[in-house]
Amino acid sequence: MGSFIGHMIPGTLFVLIGLWHSWCSLVRFISNPKSFRVRVWNPVPGKFKHLELYVIVVGGFIDLCIEFFVGTHLQIIANGSLNPAHLNNFEHSGMLLMFFIFGVIALVSEKTSFLPLPEGALCFIASTAFTAEYLLFYFHSTAHTGLEGYYHFILVILIGLCVVSTAVGALIPTSFPVDLCSGISITLQGLWFYQTAFTLYGPMMPEGCVLKPRNEISCGSNEAAIRGSILANALLFTHVLVVLGALAGAYVYLERRSGSTSSRRDDFE
């Protein structure tokens, strides 16, 4: 993932899944708040009911192949063991494999009778995949330091929110805030992958910092590194405000379209 494309591909998957999850959470709550239940995945109306799961499986598998085969240039084995020069790619492949496995298990559970799992079990499996991702970035073999380390530190925090919100969804299966928080966390993680790509490997590199060979980020002075970290904080707050603002707008739109404000208020009074 130490490249522009390497961050954009998983970022796109997380953004798509996160936005879809958040939208469906709002729709289900506004439609009937009393019967609301947490869902780890959401069906698409019509013929493509399991499209979200297929996106996770296919997208995860493609990204896994890119990391394992393309990223290593097929130099997988060296001296009878995994090539230590590509440990970074192997770790990313393992993380993506967990999401691939989650998607496959969810599909088998939903489309066959071989593995009927309750929603809570799927929530815990998804939380396990996020936990693997969290551990990967926390104990990364690549030593992320300086500005690059700070961007990955923020990413670890967002992944931690995904772990917690997904696991809590299994423990509090009727909580709308928990389900919505899960969608928001996944969306923010995807957006931060985007931000990392554009900042560290694209046109938004902070002044005084440069991308050196072997994808290493170097800042010419301590002031430049601090300025880059402050910019990262501002960008993160901007992402949060944009996502929350978009969801607030979506909530108002769905509320007005449903025309159920008064009836639901009467139910709770």
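A cavity is a set of grid points where a 1.4 Å probe fits but cannot get out, and its volume is the space filled by probe spheres set on the points. The model examined here is a predicted one.

**Exercise 1.** Determine the volume of the largest cavity and describe its lining.

*Solution.* Begin with the search of the whole structure, which returns two cavities of 30 Å³ or more. The largest of them has a volume of about 300 Å³. Next, consider its 20 lining residues, among which Phe14, Ile17, Ile56, Phe99 and Phe130 are the closest to the centre. Then assign the lining to helices: H1, H2 (51–70), H3 (87–111), H4 (119–138) and H6 each contribute at least two residues. Finally, sort by class, which gives 14 nonpolar, five polar and one charged residues.

**Exercise 2.** Characterise the second largest cavity by volume and lining class.

*Solution.* The volume of this cavity is about 40 Å³. Its lining includes His21, Arg39, Cys123 and Asp179, with helix H5 (146–171) and H6 each supplying at least two residues. By class, the lining has four nonpolar, five polar and two charged residues. Arg39 also lies over the face of Trp41, at 5.0 Å from the ring centre.

**Exercise 3.** Classify the pair formed by Phe29 and Phe176, and locate its partners.

*Solution.* The structure holds 16 aromatic pairs. For Phe29 and Phe176 the ring centres are 4.1 Å apart and the planes meet at 15°, so the pair is stacked. Phe29 belongs to H1 (residues 4–31) and Phe176 to H6 (residues 176–200), so the pair ties together parts 147 residues apart in sequence. Both residues, Phe29 and Phe176, are buried.

Definitions and conventions: Residues numbered from 1 in each chain as written. Predicted model: local features only at pLDDT ≥ 70, side-chain atom pairs only at ≥ 80, totals over all residues. Heavy atoms only, no water. Phe/Tyr/Trp six-rings, centres within 6.5 Å; stacked < 30°, edge-to-face > 60°. Helix = DSSP H or I, 4+ residues; strand = E, 2+ residues; numbered from the N terminus. Buried < 20%, exposed > 50% of the residue type's maximum accessible area, 1.4 Å probe, protein only. Lys NZ or Arg CZ within 6 Å of the ring centre and 35° of its normal. 1 Å grid on protein atoms, 1.4 Å probe; cavity = no way out; pocket = protein on both sides within 12 Å on 5 of 7 lines; lining within 4 Å. Nonpolar A, V, L, I, M, F, W, Y, C, P; charged D, E, K, R; others polar.
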